[in-house]
Amino acid sequence: MTPAPAGPAPRARWSLRRRLVAVVLGLVLLVSVVMGTVSTVALRDSLVAQVDDRAVAAAERALRATQVGPDDGRDRQGADDRGRPGDRPRPLAVPGQDVGTVSVVVEDGTTRAQYLDTDGDLVDLDDAQVAALRAVPPDGTAHPVPLDGLGRYRAVALLTDRDDLVVTALPTTTVDATVRQYVVIEVLLVAGALLVAGLGGSVLVRRELRPLNRVAATATRVAEQPLARGEVAITARVDDRDTDPSTEVGQVGAALNRMLGHVDQALAQRQESESQVRRFVADASHELRTPLASIRGYTELVRRSPEELPADARAALARVEAEATRMSALVDDLLLLARLDAGRPLERAPVDLAALAVDAVADAHVAGPDHVWRLDLPGQADAGAPDDEVGALTVLGDDHRLRQVLGNLTSNARRHTPAGTHVTVAVRRDGADVVVSVTDDGPGVPPELRDRLFERFARGDESRNRASGSTGLGLAIARAVVTAHGGSLTCESAPGRTSFVVRVPAAADVGR
Ligand SMILES: Nc1ncnc2c1ncn2[C@@H]1O[C@H](COP(=O)(O)OP(=O)(O)O)[C@@H](O)[C@H]1O
Ligand SMILES: [Mg+2]
């Protein structure tokens with residue numbers, strides 16, 4: 001046998017409305033069944049008790065009729081009738097006996113068993129019926145006896161003073177019919193009650209829960225709002241009519257409103273402190289630029305002065321100048337990032353990314369003559385390519401910033417790969433986007449860096465040690481610039497193939 005599944009199968013939960021209505025229906029049904037059962041039993045018992053009373057009365061009449069023995073009979077009737085059992089007083093013939101009454105008289109070993117049919121005629125009973133009736137204890141109280149073919153009976157047995165047995169029985173057919181009819185009416189009533197309770201309950205619960213749906217809708221509206229970044233305000237609130245604290249739903253609505261107020265306030269504070277930090281970074285970077293420029297200027301001045309400087313002083317000055325230059329670049333990067341963070345609008349002019357790629361590869365050739373640089377433009381292979389093929393590689397944006405992005409990617413491909421590495425800069429149109437990819441066959445991005453490659457100051461250990469001017473800001477800036485153009489920058493890297501892909505919406509599509 002296969003083992004049973006580990007946990008119970010997840011059961012779909014019923015809605016509150018369904019459960020409330022189900023509970024109401026269940027209660028109505030339970031009460032109806034209990035009441036119906038009790039009243040039916042009581043009715044039946046009382047009807048049977050009446051039949052029993054009548055049966056006892058009939059039995060007593062029958063007994064009296066029987067006890068008018070043959071002798072008394074002779075006195076009353078003619079001598080001709082003596083000794084003929086048929087002439088004996090018949091328990092069923094005495095006045096007052098109902099239609100359906102059954103009588104058995106066992107006298108001197110002979111048994112007479114008859115019942116009174118609807119026409120008033122006497123009909124003989126069969127042996128099985130007689131046997132059932134003779135088994136009734138002669139205690140003068142009514143006992144239930146089912147008679148085959150006649151139905152159910154209440155039978156009373158009595159003994160005459162000569163110890164003859166007289167059994168008289170009355171049918172309970174009318175009782176059964178009454179009870180059956182009563183049950184049918186009850187079932188119909190209960191069905192009606194269930195229908196009314198179900199419909200009424202459903203309508204009522206739906207109406208009562210409607211405010212809850214409105215509260216949920218408010219919560220959903222807020223949940224759909226992008227809250228992660230930027231200037232956000234939560235303006236949605238639960239309607240006043242759903243915030244009445246005297247109702248349960250109103251309490252939920254009021255609590256939700258309070259919570260939304262708190263969250264809104266907290267978001268505003270967060271936003272405020274974030275922009276303070278950004279302003280501080282932007283101001284600080286800006287302030288640092290001027291003194292750095294002075295340091296560089298003065299160093300250069302001293303270095304170029306006619307007086308001969310000692311060799312170590314010359315070396316120290318060169319270091320100061322190099323570090324000051326590096327720091328200027330770093331400060332510029334920080335300032336640019338702070339501005340991009342603040343969402344400063346970029347310039348939006350048509351920029352031909354193919355031309356940018358041509359320039360970037362040309363610069364890279366000069367800066368990294370030990371690498372193998374390739375440019376891959378559409379239509380390059382076949383000289384007769386239509387002009388608009390190149391025109392399709394135009395985007396709307398900031399020429400200077402986009403150059404910076406390509407410069408970052410090509411300088412990464414140069415600085416983080418060994419000499420001899422092949423680097424391909426390709427530009428192509430992909431649907432509504434222009435895609436620029438910078439692909440190298442170098443060792444790839446260090447695995448521990450891959451997840452946070454685009455974070456600020458994320459750089460490989462190697463780059464950190466090499467005094468190569470590596471800051472770890474290049475890719476963060478590149479991504480921020482591309483994102484500000486409505487595009488994306490992604491990286492796929494494995495040893496032997498690393499590809500950075502810039503994707504920016506093409507100009508035609510941007511302009512539309
Ligand atoms: N083409 C590449 N091949 C291998 N590693 C790279 C490549 N481009 C970037 N990296 C890794 O990503 C890090 C982050 O790059 P970047 O943000 O430009 O900072 P930086 O170049 O100043 O170190 C680099 O330090 C380097 O370890
Ligand atoms: Mg870089």
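Predicted model: local features only at pLDDT ≥ 70, side-chain atom pairs only at ≥ 80, totals over all residues.
View 1. For Gly460, a backbone N or O atom lies 3.1 Å from an oxygen atom of the ligand. A polar backbone atom of Gly472 is 2.8 Å from an oxygen atom of ligand 1. On its own, ligand 1 has 530 Å² of accessible area, of which the protein covers 98%.

**View 2. The shell around ligand 1.** Two or more residues of the shell come from each of helix H9 (399–415) and helix H11 (474–484). H9 gives the most, with three residues. Around the ligand there are 20 residues, and those that come nearest are Asn412, Ser470, Thr471, Gly472 and Leu475. By class, the shell holds nine polar, eight nonpolar and three charged residues.

**View 3. The aromatic pair of Phe454 and Phe500.** One aromatic pair is found in a search of the whole structure. The ring centres of Phe454 and Phe500 are 6.5 Å apart and the planes meet at 80°, so the pair is edge-to-face. Phe454 belongs to the loop between strand E11 (433–440) and helix H10 (461–465), and Phe500 to strand E13 (residues 497–505), so the pair ties together parts that are 46 residues apart in sequence. Both Phe454 and Phe500 are buried.

**View 4. Arginines over aromatic rings.** Arg479 places its charged end over the ring of Phe454, at 3.8 Å from the ring centre. Arg18 lies over the face of Trp14, 4.7 Å from the centre of the ring.

Conventions. Residues numbered from 1 in each chain as written. Chains lettered and ligands numbered in written order. Heavy atoms only, no water. Near = heavy atom within 4 Å. Polar contact = N/O pair within 3.5 Å; in protein donor to acceptor, adjacent residues only side chain to side chain. Areas by Shrake-Rupley, 256 points an atom, 1.4 Å probe, with all protein chains shown as cover. Helix = DSSP H or I, 4+ residues; strand = E, 2+ residues; numbered from the N terminus. Nonpolar A, V, L, I, M, F, W, Y, C, P; charged D, E, K, R; others polar. Phe/Tyr/Trp six-rings, centres within 6.5 Å; stacked < 30°, edge-to-face > 60°. Buried < 20%, exposed > 50% of the residue type's maximum accessible area, 1.4 Å probe, protein only. Lys NZ or Arg CZ within 6 Å of the ring centre and 35° of its normal.
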